[in-house]
Amino acid sequence: MTRKFTYTEKELINSLKSNNRDAFEYLYDHYAPALYGIIMKIVKDEEKAADVMQDSFLKIWKNISAYNVDKGTLFTWLLNIARNTAIDRLRLDVKLSKGINWEQVKEADLTSAVIFNPIPATIDIRAIVERLLPEKSILIDLVYFQGYTHEEVAAKLMLPLGTVKSRIRKALTELREIFGAKEYVLGAA
């Protein structure tokens with residue numbers, strides 16, 4: 001038989017910061033319905049809302065130590081995470097819907113004659129970076145255009161540092177392919 005606990009907000013926060021599984025289950029049981037309602041108002045799709053809900057609670061679990069009681073209530077913090085995660089998902093869906101219809105692309109359109117080879121002075125690098133998937137373009141923008149460190153980006157976006165680094169590495173590989181640049185490996189002399 002599982003014993004159900006009740007918590008004051010302060011006890012709940014302290015238990016969550018101690019990685020108490022019962023506290024997290026309590027948090028989910030008591031806050032998920034309200035958060036799901038907000039998420040549904042934004043994404044308007046049950047399957048996407050379920051994904052956003054899962055992502056939101058994962059962010060909450062990973063970042064509970066960053067919660068500051070002086071900046072607002074626990075519910076407000078949770079709500080902001082859920083709302084921001086839902087908005088991010090909506091933005092991603094909008095950007096992906098503006099993508100290429102691959103069914104209309106002919107094989108002849110993919111020949112070497114159409115390889116991107118611009119005059120360097122006319123390159124709009126930001127526009128090219130924006131063509132990457134949002135999960136990569138945002139990282140490139142933050143690190144290379146705005147000057148954030150990988151650690152700062154990880155904290156700002158509430159992503160693991162390893163995820164930030166691997167996405168940046170993949171984005172740079174894609175950009176090298178766009179520009180036709182080869183990766184150089186230094187050999188021992």
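Biologist: Let's start with the largest pocket: how much space lies in it?

Modeller: Keep in mind that this is a predicted model, where local features need pLDDT of at least 70, side-chain atom pairs count only at pLDDT 80 or more, and totals for chains, interfaces and linings use all residues. Residues are numbered from 1 along each chain as its sequence is written, and side-chain values use heavy atoms, with hydrogens and water left out. A pocket is an open set of points on a 1 Å grid over the protein atoms alone where a 1.4 Å probe fits, with protein on both sides within 12 Å along at least five of seven lines. Joining points across faces, edges and corners, and taking the space filled by probe spheres set on them, gives the largest pocket about 1000 Å³.

Biologist: Which residues lining that pocket are closest to its centre?

Modeller: A lining residue has an atom within 4 Å of a point, and 28 residues pass that test here. The closest to the centre are Lys 59, Thr 85, Asp 88, Leu 157 and Leu 159.

Biologist: And which helix gives the largest share of the lining?

Modeller: Helices here are DSSP runs (H or I, at least four residues), numbered from the N terminus. The largest share, 10 residues, comes from H4.

Biologist: Which helix has the highest mean pLDDT?

Modeller: pLDDT is the predictor's confidence in each residue, from 0 to 100. The protein averages 79, with 76% of its residues at 70 or more. Among its elements, H5 (residues 125-130) has the lowest mean, 76, and the highest, 93, belongs to H3.

Biologist: Over residues 109-122, where pLDDT stays under 50, how many contacts beyond four places in sequence does the model have?

Modeller: A contact means heavy atoms within 4.5 Å. For residues 109-122, the model has 6.

Biologist: Is Leu 27 buried or exposed?

Modeller: Leu 27 sits in helix H2 (residues 21-43). Skipping residues up to four places away in sequence, it touches Leu 12, Leu 16, Ala 32, Phe 57, Ile 60, Leu 74 and Leu 78. Buried means under 20% relative accessible area, exposed over 50%, and partly exposed in between (1.4 Å probe, protein chains only). Leu 27 has a relative accessible area of 0%, so it's buried.

Biologist: How far apart are the C-alpha atoms of Leu 27 and Leu 78?

Modeller: Along the chain, Leu 27 and Leu 78 are 51 residues apart.

Biologist: Phi of Lys 44 is a positive value; what is it near?

Modeller: Most residues other than glycine have a negative phi. Lys 44 is in the loop between H2 and H3, and at 64% relative accessibility it counts as exposed. Its phi is near 55 degrees.

Biologist: Met 158 has a positive phi too; where does Met 158 lie?

Modeller: Phi of Met 158 is near 55 degrees. At 27% relative accessibility, Met 158 counts as partly exposed. It lies in the loop between H7 and H8.

Conventions:
Helix = DSSP H or I, 4+ residues; strand = E, 2+ residues; numbered from the N terminus.
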